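Please open the model in a viewer and follow the stops below in order.

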Amino acid sequence: MTENEGKNKQKGSKQKKFKLYKPRKKKSVEEDAAIQYLQAQYDKIVPDEIKTFKDLPLSQKTLKGLKENNYITPTEIQKQAIGYALQGKDILGAAKTGSGKTLAFLIPILENLFCKKWTRLDGVGALVISPTRELAYQIYETLRKVGYLHDFSVGLIIGGQNLKFERKRMDQMNILICTPGRLLQHMDENPLFDCNHLQILVLDEADRCLDMGFAATMNAIIENLPPERQTLLFSATQTKSVKDLARLSLSFPTYVAPHEQAETVTPESLQQSYIVCEIDEKLGILWSFIKNHLKQKVLVFMATCKQVKYTYDLFCKLRPGVSLLALYGTLHQEKREKIYNEFCRKSNVVLFATDLASRGLDFPRVNWVIQMDCPEDVETYIHRAGRTARGVFGKGEGLLMLLPNEEKFVEDLKNRKIPINKISVDPSKVVAPQRKIEALLSDNTELKQTAQRAFVNYLKSVFLMKNKEIFNVQLLDTDAYARSLGLIVPPRIRFMHKYQKNNVAIKQPENDEGDKVVEKLKAKANDDEGSDQSASSDESEEEEVIPEPKKKAERTKAEIPKFDFHNNDDSDEDDFLQVKNANIDIETDPVEEEPSKTKKKSKPLTKAAVAKKILKKKIKVNTTVKFTDDGEAIQDEKRDLKSELAKQLNDENIGGIDIEKAKELLQEEDKFDKIRFREKVKAKHKEEKRKLKNKKKEEMGEKDDFGSQSESDGPDLSWLPDPDKVYGKKEDDNDDGSNSGGDKDSFRSNDEEGSQDESDDEQIYHRPAKRKLVESKGIPQESVAPRKVKKIQDISSSLSVQEAEALAMRLLQKK
Ligand SMILES: Nc1ncnc2c1ncn2[C@@H]1O[C@H](COP(=O)(O)OP(=O)(O)OP(=O)(O)O)[C@@H](O)[C@H]1O
């Protein structure tokens with residue numbers, strides 16, 4: 001086997017050398033002889049005479065594999081089934097849980113392919129189908145251990161794994177262990193997958209594989225398999241349905257049921273008891289149980305994923321003092337594997353699980369199995385309880401919690417030879433951490449929401465149950481249940497609300513059709529290859545939290561409200577209610593019956609219908625049009641589609657959405673958006689520059705002002721006559737740069753240039769007055785010529801006005 005090549009290398013390096021030098025022909029002859037001998041023994045097998053595996057005509061490779069894993073004495077089912085299987089008969093194998101059915105089909109697979117000298121080139125020779133991934137993985141591991149000396153390649157084909165990786169290797173596999181969904185996916189999509197030479201088909205947990213949950217998938221798989229093959233069906237609760245057997249085209253199957261005459265259908269070493277309690281007491285009892293069994297390995301079954309999640313999250317926060325784990329279908333595959341392995345490994349641990357873990361899983365040394373919610377039928381009970389007291393020396397205890405109206409279920413158990421005793425719980429030992437739970441929920445919205453989901457999903461699960469004699473959601477004290485979960489305000493249960501509001505009677509489905517519908521409903525709920533019955537119903541919730549109290553006393557069977565299944569405008573629950581409708585035989589009240597009106601009413605206005613209407617009317621949804629004061633529509637550039645493609649598509653007017661075209665359109669529009677964006681950025685930069693310039697200009701202006709102010713601090717020469725008036729205007733005045741008008745012009749031209757270097761321009765075009773130049777360098781004007789200034793001041797202060805005038809005139813004349 002490929003997976004064991006490494007092991008082979010380690011364990012048998014000698015053997016490998018031996019293989020190298022041994023002539024191939026001789027080996028082949030020996031093998032042929034051995035095979036012939038073994039095959040000759042098949043008809044002589046007498047199950048009662050078998051003491052050890054050696055007494056069975058098995059190949060040395062298989063015997064060695066068994067021995068190395070401490071499988072010495074075959075169990076009853078192994079003794080009886082292996083012989084028939086080796087003879088090539090189809091088998092219906094039924095035996096108690098934990099009685100070794102896995103080896104009862106794995107050994108014949110190995111021997112069958114060994115005797116046919118199956119090689120990798122021969123393709124798939126055996127197919128084992130299991131309802132859950134965990135069980136498939138467990139079977140795969142057992143086969144790896146027991147068959148490691150054989151040269152077959154084994155593939156584990158389950159959901160949640162790398163599909164591409166599986167695809168490439170499918171054609172090289174000899175034995176496939178798979179879940180139905182994934183197998184069908186390969187059959188449909190993988191051209192390399194070929195089952196034409198299949199020798200053996202095994203259905204583990206056959207009744208589950210063949211029930212309505214997998215009906216469509218299994219039928220499709222069976223269609224793809226060659227009819228000439230051996231088929232082995234195994235389960236603790238075997239199907240005897242002729243229909244099922246016909247589907248599989250079994251040819252006169254041999255029914256192997258070593259425990260059929262046994263006093264009990266459950267293992268003798270399994271001690272079973274039940275308690276009857278109110279719905280609001282359950283959580284407290286479970287908590288107290290865990291606190292009192294800290295040194296034990298406990299497996300707790302609940303009806304739905306959300307309950308498991310909530311109980312796990314809550315108890316983790318409450319810290320009971322023992323490891324807690326949770327396993328349910330909506331978890332990621334890697335997590336599921338990790339949790340499964342962890343629970344196998346640990347000894348003091350509590351695992352909360354859905355029925356995902358109820359079948360086939362061989363958790364070692366489980367002390368207690370608690371069924372917190374009543375199982376849907378006796379079969380489920382048997383499988384759940386069978387997770388303890390497994391194998392030859394296994395021991396264990398089972399506890400079933402029942403609500404008062406569910407106590408009738410015990411009769412069913414007893415009728416099916418299940419010994420179960422009623423016990424009571426010492427109330428003084430029950431400590432419900434109610435206050436703590438409420439405090440935790442008030443503090444943690446997420447936890448509160450999980451609690452709400454758990455609440456709603458449990459009620460849904462009860463509503464979905466086929467056996468309405470036992471399961472009646474109307475009899476549940478929902479307020480009390482909500483409170484026990486820590487929810488002060490019970491979440492509104494929409495389906496119940498409508499159920500009560502619409503006055504339609506609901507009858508129990510009694511006929512075969514009804515049964516079928518229930519099965520269909522379950523099938524729908526199986527979103528993960530049937531790995532978790534409650535998974536999908538768990539996903540479809542999200543209820544409004546509006547109190548809707550209804551006291552227990554008010555709820556009696558006689559007043560089961562009637563339900564108008566047509567008047568359902570709640571698209572969220574469409575699926576749920578649709579299937580449910582078929583499940584329920586509906587009878588309208590003759591007094592209130594108004595056929596025409598109800599018919600009119602009954603057409604639901606679904607979201608899909610509204611969408612269709614909108615499409616027909618060609619209304620563009622999600623569009624906003626803005627108007628000016630005059631009532632003219634303002635074009636929104638951003639929303640306008642500009643590309644040619646947009647126009648083309650608009651003309652074509654395709655109904656619905658064509659994703660590919662929409663993508664193309666987006667790409668086209670993207671080009672226009674980019675241009676618009678670039679323009680925007682440019683404009684922004686320009687604006688910024690303009691602002692900067694203005695700012696600089698202002699700063700310059702401020703300095704000028706300052707200069708003129710300081711000027712006033714200097715000598716007041718305003719009394720002097722205007723030299724232009726005295727001498728006339730000089731031609732070359734502009735050349736010396738003292739013309740302020742020229743200054744201004746040069747500045748303006750600079751401004752308009754924008755990007756030109758301002759300082760250079762100033763040097764070229766603008767020559768400010770000396771005083772201004774000095775000022776611009778930060779030198780105060782006073783420091784220019786203090787002596788000169790002082791002299792003028794002294795002279796001017798000592799002169800009278802006339803004298804000063806005369807002096808000025810003289811000075812001017814001199815000049
Ligand atoms: N011949 C044997 N000798 C000792 N132990 C065995 C033998 N056969 C099986 N066992 C052990 O018994 C345990 C239960 O075996 P297995 O899982 O095959 O039971 P099962 O009948 O398939 O149970 P279920 O009905 O729950 O699927 C396993 O731990 C397995 O290793």
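**Stop 1**

Begin with Ile370, which stands opposite Leu399 in β13. Helices (H or I, at least four residues) and strands (E, at least two) are DSSP runs, numbered from the N terminus. The model is predicted: local features require pLDDT of at least 70, side-chain atom pairs count only at pLDDT 80 or more, and totals for chains, interfaces and linings use all residues. Residues are numbered from 1 along each chain as its sequence is written.

A residue is buried if 20 or more other C-beta atoms lie within 10 Å of its own, exposed if 12 or fewer, and partly exposed in between, with C-beta atoms placed from the backbone. In a regular strand the side chains alternate between the two faces of the sheet.

Two strands pair if DSSP finds at least two bridges between them. Strand β9 (residues 297-301) also pairs with β12 in the parallel sense, over four bridges, and Leu299 has Val369 in β12 as its bridge partner.

Ile275 has Met401 in β13 as its bridge partner. Helix α16 (residues 378-385) packs on the sheet and touches β8, β9, β12 and β13, its direction making about 150° with that of β12. Axes are lines fitted to C-alpha atoms, for helices over the stretch in contact, and angles run from 0 to 180 degrees between N-to-C directions. Contact requires C-beta atoms, placed from the backbone, to lie within 7 Å.

In what order do the seven strands of this open sheet run? The order is β10-β11-β9-β12-β13-β8-β14, with parallel pairing. At the edges are β10 and β14 (421-422), each of which pairs on one side only.

**Stop 2: the other seven-stranded sheet**

Select the strands of another open sheet, ordered β3-β4-β2-β5-β6-β1-β7 and paired in parallel. Its edge strands are β3 (154-157) and β7 (254-256), each pairing on one side only. From one strand to the next, the twist averages 15°.

Within this sheet, strand β1 (residues 91-94) pairs with strand β6 (residues 230-235) in the parallel sense over four bridges, and Leu92 stands opposite Leu233 in β6. Helix α9 (residues 180-189) lies across β2 (126-129), β3 and β4 (175-178), and runs at about 105° to β3.

Next, select Thr179, in the loop between β4 and α9. Thr179 is buried, with 29 other C-beta atoms within 10 Å. Thr179 and Arg133 are 46 residues apart in sequence, yet 6.3 Å apart in space, C-alpha to C-alpha.

**Stop 3: an enclosed helix**

Select helix α5 (residues 76-86). Because 10 of its 11 residues are buried, α5 is largely enclosed by the rest of the structure. The buried residues of α5 pack against β1, α6, β6 and β7. After α5 comes Gly88, whose phi is positive, near 90°.

**Stop 4: the ligand**

Display the ligand and the 20 residues around it, of which Thr97, Gly100, Lys101, Thr102 and Gly391 come nearest. A residue is near if its C-beta atom, placed from the backbone, lies within 6 Å. Helix α6 (residues 101-115) gives the most to this shell, with three residues. Domain 1 (45-238) and domain 2 (270-464) both give residues to the shell, so the ligand lies between them; the domain bounds come from an automatic or database domain assignment.

**Stop 5: two positive phi values**

Most residues other than glycine have a negative phi. Lys117 is not a glycine but has a positive phi of about 50°. Lys117 lies in the loop between α6 and β2 and is exposed, with 12 other C-beta atoms within 10 Å.

Finally, select Arg319, in the loop between α14 (305-318) and β10 (323-327). Its phi is positive, near 50°, and Arg319 is exposed, with 8 other C-beta atoms within 10 Å.

Methods: Two residues are in contact if their C-beta atoms, placed from the backbone, lie within 7 Å.
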